[in-house]
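Please find below my note on this entry, arranged as numbered points for discussion.

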Amino acid sequence: SAVAAAPTVRAPLPVLGRDVAVPLVTGGEVTYAALDYAASAPALQRVWDDVAAYAPYYGSVHRGAGYLSQLSTDLFENARRTVAEFLDCRSGDQVVFTRSTTDSLNLLAAALPEGCEVFVFETEHHASLLPWRGVRVTYLDAPGSPAQAVATLERALADRDPYGPALVCVTGASNVTGELWPVRELAAAAHAHGARIVLDAAQLAPHRAVSVRDLDVDWVAFSGHKLYAPFGSGVLAGRADWLRVAEPYLAGGGASRKVARRADGGVDVEWHDGVARHEAGSPNVIGAHAVASACTALAEAGFDALAAREDALVSAVREGLADVAEVRFLSLFGDDAPRVGVLSFVVDGWNSSHFSAALSAEYGIGVRDGLFCAHPLVRRLVGSEAGGQGECGAPDAGSLNAIRVSFGAGTPDEHVERFVRAVRELVR
Ligand code: PMP
């Protein structure tokens, strides 16, 4: 097969859910092929084991004098250090634990300095496109190449007041096409024009090493549930300056250093100026521990090896379907542009929702169809003005949804082989 012919770089990492049996409409059962990593990746077995080992001992973080509370506080703060190391942060950078990428970017949006302008490509996920409310936002046109992306940003930034604050928000890897964006070059362009840059690494961090120092980005955001850890944990890492003086993202205990009743009956509050300022409430210590465990596991596996294996799987899909004229892959930068294990496509003569449903019902393959919370991009690539009226990414009558297949560190060759075979059979 195409997969067998590709270099096998390493065995897939053990993940949960490898043995889930699903019934087929044609009769019998098959093990579930999770090919929707871009939505949520299965947890690494290692992450699950680390969480299970700690679970009997958890206590409240930063709050108790007892042994378990101290243990949990250590674990939480160690997780912060592990994430900082994973992202190769600069000294002085902060790692704020959030709930998700969406939460991280909303936190940053709430911390923008007065008069800040925001620049964002229309091709972004809605989590990057939409949090910038109450500020001037310039939406940049979809570029046709990485070089054009840099040129487009340069042009937009050249017109702005270089002394006013500005933020550029870019994706590291598209959740629709999987294509890698020229983050280092975009960061250089931003900085040359006095702007800051935040990297949406939701799709990049699970697949490629992300170095804050090397990319020279000001902040990075990612989600635990796409990085082989559970839901409800995310990260915003980067410069402390804007965050230190911003109003706390959530007001409450933990964020406040001193609260006192005033003589006039009101209340005076002094907020913390470290990470605690934006981490009000009892923190998600299990989530942070799980994210740190995933970071350690991925770093140990090595991103060069993980990426090489993933490249082989991407090639297997592309080559396995190359002669199927009905399948059209979606890309901005060209079919051969470097990408992570994410591919979207449409199938001539098929409604994408029906096609995805058939992959599930007849082959036990879980993919996704829709607009992937990136409506402007998918509409542009699919060439449809209809659609996108329903819930985020949900199919609605008359829309031309795309189908997305995505995989990662836990994907066995067999899942990709089954997918290629299934698509060929369905089209036939
Ligand atoms: N950015 C990108 C590129 C994504 O793919 C996603 C998730 N699909 C997000 C942001 C949002 O992540 P979350 O839903 O975990 O907040």
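The points that follow concern a predicted model, and they move from the overall fold to the domains and then to the core.

1. The secondary structure of the chain amounts to 14 helices and 17 strands. With a radius of gyration of 22 Å, close to the 22 Å that the globule rule gives for 428 residues, the chain is as compact as a globular protein of that length. Along the principal axes, its C-alpha atoms fill a box of roughly 80 × 55 × 40 Å.

2. Among contacts in the chain with a separation of 6 or more, 69% join residues 24 or more positions apart, and 47% of the 428 residues count as buried.

3. The domain assignment divides the chain into domain 1, made up of 2-43 + 302-427, and domain 2, covering 47-300. The centres of the two domains, taken over C-alpha atoms, are separated by 28 Å.

4. Between the domains, 33 residues of domain 1 are in contact with 32 residues of domain 2. On the domain 1 side, helix 11 (303-320), strand 14 (342-347) and helix 13 (375-382) each supply at least two residues, and the residues of that side comprise 24 nonpolar, five polar and four charged.

5. The largest nonpolar core holds 122 residues, of which L186, V220, V291 and A294 touch the most other members. Helix 10 (residues 285-301) gives the most to this core, contributing ten residues, and both domain 1 and domain 2 provide at least three residues each.

6. Which residues surround L186, once its neighbours within four places in sequence are left aside? L186 is then in contact with A149, V150, L153, V168, V170, W181 and I197.

Notes: Residues are numbered from 1 along each chain as its sequence is written. This is a predicted model: local features need pLDDT of at least 70, side-chain atom pairs count only at pLDDT 80 or more; totals for chains, interfaces and linings use all residues. Domain bounds come from an automatic or database domain assignment. Two residues are in contact if their C-beta atoms, placed from the backbone, lie within 7 Å. Helices (H or I, at least four residues) and strands (E, at least two) are DSSP runs, numbered from the N terminus. Ala, Val, Leu, Ile, Met, Phe, Trp, Tyr, Cys and Pro count as nonpolar, Asp, Glu, Lys and Arg as charged, and the others, Gly among them, as polar. A nonpolar core is a set of buried Ala, Val, Leu, Ile, Met, Phe, Trp, Tyr and Cys residues joined through C-beta atoms within 7 Å. A residue is buried if 20 or more other C-beta atoms lie within 10 Å of its own, exposed if 12 or fewer, and partly exposed in between; C-beta atoms are placed from the backbone. The radius of gyration is taken over C-alpha atoms; the globule rule is 2.2 Å times the number of residues to the power 0.38.
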